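The sequence and the structure are shown first.

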Amino acid sequence: FPVTISQFVKNVLKYEWRTNKASKTGYVKAVQSPYKFAGEFSFHTIPNEYSYTSESPDGIEPSGKGAWTIFRYKDNNISAGVAYRGSYKVVSLGFPIETIKNKRDMEELLKSVLLFFNENQ
């Protein structure tokens, strides 16, 4: 039987969509969770010469056991990223990773995601 996109997102990616336009500033901070994500960074929210923008980032909330908010938007505390660890692992963000302003911040985020995927349960 067919599965809807929202069922796939909830049951496989382990998050639920809450809102669009979740942040005007594009500033994100790591929050306390069982997973080892840290830091703060920002992404492009207005047109510029360096990158396309995320003018309407999503607010996403964890869905199910093992899913946790790992990032929040600084301007309103809406959940910006979710990680899940169970029989598999997944990390979802409410904005495109390639819109992060600082290359070093993008590399650090990617490094932390890879470490999350490679660590033992």
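## Surface and overall dimensions

The protein chain exposes about 7,500 Å², of which carbon and sulfur atoms supply 53%. The model is a predicted one. Buried residues make up 39% of the 121 residues.

Along its principal axes, the C-alpha trace spans about 45 × 35 × 25 Å. The radius of gyration of the protein chain is 14 Å; this agrees with a compact globule, because such a globule of 121 residues would have a value near 14 Å. Of the contacts with a separation of 6 or more, 59% are between residues 24 or more positions apart.

## Order of elements

The protein chain contains two helices and seven strands. Read from the N terminus, the elements follow the order α-β-β-β-β-β-β-β-α.

Helix α1 covers residues 5-13 and includes I5. I5 counts as exposed, because its relative accessibility is 71% and the cut-off for exposed is over 50%. Between I5 and L109 there are 104 residues in sequence and 26 Å in space, C-alpha to C-alpha.

An open, antiparallel sheet is formed by five strands in the order β3-β2-β5-β6-β7. Its edge strands, β3 (40-42) and β7 (89-93), each pair on one side only. On average, neighbouring strands of the sheet are turned by 20 degrees against each other, direction ignored.

Within this sheet, β5 (residues 67-73) and β6 (residues 79-85) form an antiparallel pair with five bridges. R72 has S79 in β6 as its bridge partner.

Helix α2 (residues 103-118) lies across β3, β5, β6 and β7. Relative to β7, helix α2 runs at about 155 degrees.

Key
Residues are numbered from 1 along each chain as its sequence is written. This is a predicted model: local features need pLDDT of at least 70, side-chain atom pairs count only at pLDDT 80 or more; totals for chains, interfaces and linings use all residues. Side-chain values use heavy atoms; hydrogens and water are left out. Helices (H or I, at least four residues) and strands (E, at least two) are DSSP runs, numbered from the N terminus. Buried means under 20% relative accessible area, exposed over 50%, partly exposed in between (1.4 Å probe, protein chains only). Two strands pair if DSSP finds at least two bridges between them. Axes are lines fitted to C-alpha atoms, for helices over the stretch in contact, and angles run from 0 to 180 degrees between N-to-C directions. Contact means heavy atoms within 4.5 Å. The radius of gyration is taken over C-alpha atoms; the globule rule is 2.2 Å times the number of residues to the power 0.38. Accessible areas come from the Shrake-Rupley method with a 1.4 Å probe; for residues, only the protein chains shown count as cover.
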